[in-house]
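Here is a short report for a reader who is new to this structure. Please look over the sequence and the model before reading on.

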Amino acid sequence: MMNAENTGKRLLEKYWWIINLTDDSGKTALDNAKEANVLWLVNLLTNPSLIQKERFDWVTACKQDETQAVLAFIDHCQDLQKVCREENDTPLHHIKLDKYKDYLNLLKIPSIRALKNITDHDGATPLHRALERKDMLLANMLLLGEGVERNITDHNGKTATDLLVKLCQEHEEWDTMCKQIRIDPYMQKSYIQPRTNLDQIRSNLSVVAALLATITFAAGFSLPGGLDDKTGDAFLAKKAAFLIFLLADVYAMCTAMLVLFCLIWSMVSEPNMARLLVDRSVCSY
């Protein structure tokens with residue numbers, strides 16, 4: 001009897017998050033313990049503070065293909081985000097599922113969605129890890145996920161985009177996947193980083209772009225040298241310097257207008273596209 005009690009207590013300490021799970025008949029462990037009149041178990045389940053909760057080793061569980069245990073932990077751990085931040089790791093960094101639908105359901109869980117950009121002890125995000133182990137299903141899901149950062153740098157100086165570029169170069173199926181989901185990993189951002197304040201950048205750029213568009217537009221109607229009153233032609237029309245001025249003015253005006261269009265477009269785009277558009281707007285100057 002004592003061995004059974006010790007074993008039961010040990011299991012509760014190790015798998016404390018499944019205490020409130022129900023079986024096929026809708027009964028919890030406490031319900032079954034009461035029916036079986038197992039007093040020591042009833043006492044423990046009635047007073048969960050008596051259970052010394054152990055840290056759940058989701059890394060080992062994922063490696064040993066104990067996926068259901070990991071999913072149960074995710075579903076029933078109320079302090080999942082806190083635990084993950086304390087551990088500098090998340091189950092999302094290690095879990096391996098067989099179907100796209102399973103990943104879809106996993107990422108619908110609010111506590112898991114909140115972990116999508118958390119970095120582990122190596123500075124890697126879940127997307128880093130999915131790409132490293134060539135988990136195309138999870139990588140696909142994360143690449144399409146809203147708010148998933150692709151340009152967080154790990155401790156090796158690599159971003160998820162860097163890893164994706166390498167995979168696309170080495171494996172045709174990865175390149176095909178990127179084309180199917182309309183992601184171009186080769187388009188790198190030069191100025192805009194994940195934590196850049198896009199609203200501030202947009203505000204500053206829009207003022208400059210609008211000013212340049214106005215100035216260049218006005219310059220087109222006040223040509224240097226003036227116009228011939230009889231023919232309406234510019235006096236300097238045949239001068240090389242005038243042609244250079246005209247081309248530069250038109251180019252500057254078109255560029256300013258393009259920047260304004262990109263900034264407006266970025267306001268209604270998903271985060272990664274918005275950063276790319278703002279980055280290209282900065283490059284235009």
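The sections below go from the whole chain to its cores, its helices and its charged pairs.

## The chain as a whole

This is a predicted model. The chain has 285 residues, and 38% of them count as buried. Its secondary structure comes to 15 helices and zero strands.

The chain exposes about 17300 Å². Carbon and sulfur atoms supply 55% of that area. Contacts between residues at least 6 apart in sequence can be sorted by their separation along the chain. Of these, 63% join residues at least 24 apart.

## The largest nonpolar core

The largest nonpolar core holds 39 residues. Which of them touch the most other members? They are L80, L106, I112, L127, L131, L164 and W174. Several helices each supply at least two residues of this core: α4 (58–63), α5 (67–76), α6 (80–87), α7, α9 (126–132), α10 (136–144), α11 (160–170) and α12.

L131 shows some of these contacts in detail. Leaving out residues up to four places away in sequence, L131 touches A139, A160, L163, L164, L167 and W174.

S111 sits in helix α8 (residues 110–113). S111 counts as buried because its relative accessibility is 18%, and the cut-off for buried is under 20%. Not counting residues up to four places away in sequence, S111 touches I74, L80 and Q81.

A33 lies in helix α2 (residues 29–36). Is A33 buried or exposed? A33 is buried, with a relative accessible area of 3%. Beyond its neighbours within four places in sequence, A33 is in contact with V38, L41, V42 and L45. A33 and N43 are 10 residues apart in sequence. Their C-alpha atoms are 9.5 Å apart in space.

Helix α14 covers residues 240–266, which is 27 residues. At 1.5 Å a residue, α14 should span 39 Å. Which residues of α14 are buried? They are F242, D249, T255, A256, V259, C262, L263 and S266.

D199 belongs to helix α13 (residues 198–219). D199 is exposed, with a relative accessible area of 55%. Along the chain, D199 and L263 are 64 residues apart. Their C-alpha atoms are separated by 9.9 Å.

## Salt bridges

How many salt bridges does a search of the whole structure find? The search finds seven. One joins the side chains of E35 and K27, at 2.6 Å from N to O. E35 counts as exposed, at 55% relative accessibility. K27 is partly exposed, with a relative accessible area of 29%.

D135 forms a salt bridge with R133. The closest N and O atoms of this pair are 3.8 Å apart, which falls within the 4 Å cut-off for a salt bridge. D135 counts as buried, at 2% relative accessibility. R133 counts as partly exposed, at 31%.

D175 and K179 also meet in a salt bridge, at 3.3 Å from N to O. Both lie in helix α12 (residues 172–180). They are four residues apart, so about one helical turn separates them. K179 counts as exposed, at 59% relative accessibility. Elsewhere, salt bridges that share partners join D120, D122, R129 and E132 into one network.

## A nonpolar patch on the surface

Y100, L104 and L144 form a nonpolar patch on the surface. Together they have about 250 Å² of accessible area.

Y100 is found in helix α7 (residues 100–107). Y100 is partly exposed, with a relative accessible area of 34%. Patches take residues with over 30% relative accessible area, so Y100 at 34% passes that cut-off.

Note on methods: Residues numbered from 1 in each chain as written. Predicted model: local features only at pLDDT ≥ 70, side-chain atom pairs only at ≥ 80, totals over all residues. Heavy atoms only, no water. Buried < 20%, exposed > 50% of the residue type's maximum accessible area, 1.4 Å probe, protein only. Patch = residues over 30% accessible without salt bridge, like charges linked within 9 Å, V, L, I, M, F, W, Y side chains within 5 Å. Areas by Shrake-Rupley, 256 points an atom, 1.4 Å probe, with all protein chains shown as cover. Expected span 1.5 Å × (residues − 1). Core = buried A, V, L, I, M, F, W, Y, C linked by side-chain atoms within 4.5 Å. Contact = heavy atoms within 4.5 Å.
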